[in-house]
Protein chains: 4
Amino acid sequence: MKILYIGDIMGEPGRRAVARMVPRLVAQRRIDVVIGNGENVAGGFGITPDLAEELFQAGLSAITTGNHAWDKREILDYFPRERRLLRPANYPEGVPGQGSVVVQTSGGEELGILQLMGRAYMPTLDCPFQVAKREMAKLRKRVAAVVVDMHAEATSEKMAMGHFLDGEATAVVGTHTHVQTADEQILPRGTAYLTDIGMTGPLHGVIGVKKELAIEKFLTGMPRRFEVASGPVVFCAALIDVDARIGKALSIERIRILD
Amino acid sequence: MKILYIGDIMGEPGRRAVARMVPRLVAQRRIDVVIGNGENVAGGFGITPDLAEELFQAGLSAITTGNHAWDKREILDYFPRERRLLRPANYPEGVPGQGSVVVQTSGGEELGILQLMGRAYMPTLDCPFQVAKREMAKLRKRVAAVVVDMHAEATSEKMAMGHFLDGEATAVVGTHTHVQTADEQILPRGTAYLTDIGMTGPLHGVIGVKKELAIEKFLTGMPRRFEVASGPVVFCAALIDVDARIGKALSIERIRILD
Amino acid sequence: MKILYIGDIMGEPGRRAVARMVPRLVAQRRIDVVIGNGENVAGGFGITPDLAEELFQAGLSAITTGNHAWDKREILDYFPRERRLLRPANYPEGVPGQGSVVVQTSGGEELGILQLMGRAYMPTLDCPFQVAKREMAKLRKRVAAVVVDMHAEATSEKMAMGHFLDGEATAVVGTHTHVQTADEQILPRGTAYLTDIGMTGPLHGVIGVKKELAIEKFLTGMPRRFEVASGPVVFCAALIDVDARIGKALSIERIRILD
Amino acid sequence: MKILYIGDIMGEPGRRAVARMVPRLVAQRRIDVVIGNGENVAGGFGITPDLAEELFQAGLSAITTGNHAWDKREILDYFPRERRLLRPANYPEGVPGQGSVVVQTSGGEELGILQLMGRAYMPTLDCPFQVAKREMAKLRKRVAAVVVDMHAEATSEKMAMGHFLDGEATAVVGTHTHVQTADEQILPRGTAYLTDIGMTGPLHGVIGVKKELAIEKFLTGMPRRFEVASGPVVFCAALIDVDARIGKALSIERIRILD
Ligand SMILES: [Fe+2]
Ligand SMILES: [Fe+2]
Ligand SMILES: [Fe+2]
Ligand SMILES: [Fe+2]
Ligand SMILES: [Fe+2]
Ligand SMILES: [Fe+2]
Ligand SMILES: [Fe+2]
Ligand SMILES: [Fe+2]
């Protein structure tokens, strides 16, 4: 089973790159299932029902989010209706939406997806490690292969999650920092790992934002309305090859294409 | 001029990798000058005069540090005596040590080195952008080529600094997160850029720390004394090729070697 | 010289309390000059030109702000036009507005006002201690009496500023936490001090916000649009009596009136 | 039932004030039970078994702690042995010690004590609101009166807890900021509330620390070894009068005595 996991998709430039690249990669690399992080598709902040539909149309089987999950109000009612749209599982009980889902690949196999969010330098949530343990136990009863999206700021928290789930999850991949890391690896007990997949969006901004606005904010300390940058776009993803019978990763490859 | 910049060197495993790899790379890649981040060489926390000397012996022409600069008390008196040991330039006036230095390469050329530290999710300091502007102006009067070490947590602050100094600095490279990023590039106005060089240290720890200790800290919330991990070691660096006459970067290459 | 300093004025309930209480207190307590913190007057978030005028009409000679200074866009152009409206002095150069002003009391005496903002758990700014030193030197050349508003979260940073300016400032009073502290005192070298003046606004909210909304935010971790609470209002201020010739505080008294 | 709750006891000056003041107040005010926060008794950082015994000898029936609970290693084994020493209840499962206890007053009545820790600007823990609900339900089956120590930085989180437990807890009192607040009140449904009891320790330090060291840390950004300040001492506590049959607070009074 070949899984393509696309990192934080940033605004319209990111969505257009997804629409162009996904069909091409699915064909070329014989990909069975595509997942992507959609927390920034709506002008950099959040996601709307229409944009979620657009991503499903482009070939995604599931969309994860993160700290920007709730930026657009119209998504609140959509979460309970659309199981393929996830928010981190360690939001407390009563929060709309789900943190995990089982999807079917084009080849008819099943894949579990679990999203967690870190707490270091992030909003306070339930413990992602405790929740990971609980949710993995549930998912592993149903499916052999589970990919975990660890949406977090601190490299230490992401790597700790990788090792914590090593041998349990098929893969632990990070999102949120918008910069791809170069540490793809199979951990000692067999879990594929990458600290951050990186952003799919404008290359020459500051994590996707117009650089002038970001620099001005750092220089003045004043709030600034951010806009998505323009210019050349980078498509960042991870390609994970899985032995679907046992849910073990065979390989993980970084994809970073200037589109 | 070929510059080898080694990322955060972690404890004894990191120091040994430096001792082994530097002579080999200098010979193979015809490197003119070697710089490294030494904030974690003393058991993961700080640096001592002896360990600084050890790194200079191993071929480093300058050592940068960061938030761990002061972890060992015996280094306080050493900072004013040893100009090749830097701490971030945006520490306020009166703090021991310097934030920049000009070194001579083996070929007799001059290179300026400037270290800054970010403020997002980091200790409060003077503004790294204002200090960068002021210090770059001073350094550029003396030398054509200046490499900047932006020791920071947030990818946004590092990329903003890259663009802020684009066309001014020869290169802006990041340290601190201990995970190498895959976004090496020449920015639009010519500055070489890499968000994080990554750590030189144990591969299978959590950013260099024994994974069991790191996981336990995340699980319990209690303070833990950290120990440097053991096992295979990764050597992370950036190799920057510079037109020394004009101080412009010709290329930047990530180096990540399992040692 | 009797100075009345009103803490963070919260929304319409706060503004109405100011309009009612200020004339009464000025008459009863023979107050010479009234200052207030206006960062929350516009529905809890920021201030507009109209609301600033309303506070000046109510008898305030100067208005300080804080981290909410910029919440309303229409205030940006007003800052440079209205010297009596202050923002923290340790915002970097180029930021609209001023951090200090000299006002005339009703008795014709002069009073300097300086606003600073802390950095612990707050936005990153220039060092409030360095800026305090520089700005106090300027103000003390013009006037004998200077009141400092230290807008900060951490009690440690506020008390450190009190002692740092002890003997230099007439008074150092804190704002921002919306809860009055009970530690009014004359510090060893003569500066009047109070860690936080407290909020003027709804008593039964959560620092002025409808309690149900605040509790829900803590329970769910999701963003919530906050609304100013209703019900009984508390008026919080500090009354500082000053020997105007030498700028020394004679006394500091907390005022906390259920209105 | 009259409860005396002493705020963060700071180092030796704090312990001596407790030893002097507790017997006097117990006699004068006819106090039935004394509780105190002991997270800073060991030179400002943590608590040891010997110092806990000293506080029990001085008349305390229970000791709460906070983020400094674990500063001294020798306390780890003591926590499971001594039920009267509490750590915040929202530390995760498996952490040594307990977050609640039922004690007997000198008059033979029972009082429940629950400690929670906030998460805003504090270490990441389980949700204090969820844990409060669960633990209050357990305690209320055994006892009518429960006092809650909310050890937290942000005034908003403390007030939100007060309102969250209003009508459930006898009293919610805050600790941690080391500055007494002036907002003692009976909340609408009957719970006694005070945002922070304040520190028992040196008056002229910076939250109990030598002021020169604290100021220097803010000025330089470098780590400093802190020392407990000397000079006059302030004793801060809350005196809560309770109708023991129904567990309802009759009154809450701040105590702040220059010793
Ligand atoms: Fe994102
Ligand atoms: Fe994110
Ligand atoms: Fe480091
Ligand atoms: Fe660092
Ligand atoms: Fe405020
Ligand atoms: Fe504020
Ligand atoms: Fe404390
Ligand atoms: Fe504390």
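## The iron site in chain C

Along the sequence, the donor residues of the iron ion (ligand 6) follow the spacing E-x27-N-x83-H-x24-H. They are Glu39(C) through OE, Asn67(C) through OD1, His151(C) through NE2 and His176(C) through ND1, at 2.1 to 2.2 Å. Donors here are N, O and S atoms within 2.8 Å of the metal (3.2 Å for Na, K and Ca), and since water is not among the atoms, sites may look incomplete.

The arrangement is irregular because the 4 donor atoms subtend angles of 86 to 143°; a tetrahedral label for four donors needs all angles between 85 and 135 degrees. Glu39(C) also bridges this iron ion (ligand 6) and the iron ion (ligand 5), which lie 3.6 Å apart.

## About the model

This is a predicted model, in which local features need pLDDT of at least 70 and side-chain atom pairs pLDDT 80 or more, while totals for chains, interfaces and linings use all residues. Residues are numbered from 1 along each chain as its sequence is written, chains are lettered from A and ligands numbered from 1 in written order, and side-chain values use heavy atoms, without hydrogens and water.

Glu39(C) is buried at 1% relative accessibility, and His151(C) is buried at 0% (buried means under 20% relative accessible area, with a 1.4 Å probe and protein chains only).

## Arg15 in chain B

Over in chain B, Arg15(B) sits in helix α1, residues 11–29 (a helix is a DSSP run of H or I, at least four residues, numbered from the N terminus). Arg15(B) is buried too, with a relative accessible area of 14%.

Definitions and conventions:
Helices (H or I, at least four residues) and strands (E, at least two) are DSSP runs, numbered from the N terminus. Buried means under 20% relative accessible area, exposed over 50%, partly exposed in between (1.4 Å probe, protein chains only). Four donors count as tetrahedral if all angles lie between 85 and 135 degrees; four count as square planar and six as octahedral if opposite donors are over 155 degrees apart and all others between 65 and 115; anything else is irregular.
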